[in-house]
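Hi there,

Here is the structure I promised to pass on to you. Please open it next to this email and follow along as you read.

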Amino acid sequence: MFFANIIVALVVLLVVIWLLSQAFFVVKQQHAVIIERLGKFNRIVYAGFNVMIPFIDRRAATISLRTMKNGFNVDVKTQDNVTIDLEISAQYRVDGRRGDSPAESGVYKSFYTLQNPAEQMRDFLTDALRSAIPVYTLDEVFAKKDDIARDVNETVAEQMEGYGFQLVSTLITKIALPREVEDSMNQINAAQRTKAAAQDLAEADRIKRVTEAKAEAEAMEESGKGIANQRKAIAQGIKDSLGTIQESGVSEAEANALFMFTQWTEMMADFAKSGKGSTVVLPSDFRESASMFEQMIAAQRQSEGQRSRE
């Protein structure tokens with residue numbers, strides 16, 4: 001009898017412990033628990049220590065208030081009839097606002113209004129994207145993908161708010177093109193880069209040619225100045241030499257003839273020294289060279305006489 005009483009007491013103690021474990025519970029941070037009483041909504045409890053009546057109350061659901069992620073792919077067509085595949089990443093969470101009554105809170109709506117909220121949100125986003133993308137060309141989709149995602153997010157956020165969810169952000173993380181379209185775009189880009197490179201090379205060659213032409217022109221200008229200065233110096237030297245000869249009492253004609261003979265002898269001397277020439281023209285009779293000076297003077301005088309008669 002004693003052992004039977006001990007067993008009964010142990011059973012009662014275990015039942016009490018179990019009931020207490022069912023009556024008292026703790027809700028973790030960033031979570032909410034929906035309590036139903038006899039199958040009907042009763043209340044929502046949040047993080048901390050809570051109590052309920054065993055067998056009468058039950059924890060119908062534990063709702064996470066943290067931000068969640070839903071990723072999926074959707075194929076859409078652009079304005080220029082290119083079918084592209086978009087990789088979408090949506091961040092969302094249950095609306096933690098409690099509202100004026102439990103039925104108006106985001107926790108209540110998220111549990112009682114949608115059977116599969118993630119799938120419903122995906123359908124909303126897919127429909128919004130397939131409505132928004134066709135007004136843009138392929139290039140515009142690449143350029144304005146962030147703007148498109150932001151507009152779609154605002155549209156779907158209003159729809160999901162009625163179901164107790166907050167759509168934090170929608171991102172277009174990847175735009176996949178058909179293989180043939182991608183190859184064509186790469187070829188276009190390569191052709192444009194080749195064209196730009198050819199234009200740059202042509203411009204560089206033009207600049208080089210212009211620079212070389214300017215340098216050559218400047219060099220020729222300087223060379224011309226040098227030749228002009230050289231001729232000027234020679235003319236001045238000849239003038240000074242003739243003046244010196246005339247001061248000795250020689251007539252102008254004789255001075256000119258003497259100067260020409262001197263130039264001729266210097267030329268022949270240089271010709272003999274250089275040793276590079278192979279032909280020289282001389283009078284056929286050697287004796288004529290002895291009277292060359294007199295012949296030059298006579299020719300000079302004859303020339304002056306003709307000028308005076310004219």
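Which residues does T78 touch, not counting residues up to four places away in sequence? Please keep in mind that this is a predicted model. The contacts of T78 are I84, I133, P134, Y136, T137, L138 and V141. To find T78 on your screen, look in the loop between β4 and β5.

Is T78 buried or exposed? T78 has a relative accessible area of 3%, and buried means under 20%, so T78 counts as buried.

Now for the strands on either side of that loop. Together with β6, strands β4 and β5 make an open sheet of three strands, ordered β4-β5-β6, with antiparallel pairing. The edges are taken by β4 (68-77) and β6 (165-176); each has a single partner strand, so one side of each is left without a neighbour in the sheet. On average, neighbouring strands here are turned by 25 degrees against each other, direction ignored.

You can follow one of these pairings in detail. Strand β5, which covers residues 83-94, pairs with β6 over ten bridges in the antiparallel sense. If you pick out E87, you will find K174 of β6 standing opposite. A helix belongs in this picture too: α3 (residues 117-132) lies across β4, β5 and β6, and runs at about 35 degrees to β4.

Next, please move to the other group of strands. Here three strands also form an open sheet, this one in the order β2-β1-β3, and the pairing is antiparallel. From one strand to the next, the twist averages 35 degrees.

Strand β1 (residues 24-37) is joined to β3 by seven bridges, and the two run antiparallel. Two places to check along that pairing are I35, whose bridge partner in β3 is R59, and A32, which stands opposite I63.

How many bridges join β1 to β2? There are ten, and these two strands run antiparallel.

Best wishes

Methods. Residues numbered from 1 in each chain as written. Predicted model: local features only at pLDDT ≥ 70, side-chain atom pairs only at ≥ 80, totals over all residues. Heavy atoms only, no water. Pairing = 2+ DSSP bridges. Helix = DSSP H or I, 4+ residues; strand = E, 2+ residues; numbered from the N terminus. Axes fitted to C-alpha atoms, helices over the stretch in contact; angles between N-to-C directions. Contact = heavy atoms within 4.5 Å. Buried < 20%, exposed > 50% of the residue type's maximum accessible area, 1.4 Å probe, protein only.
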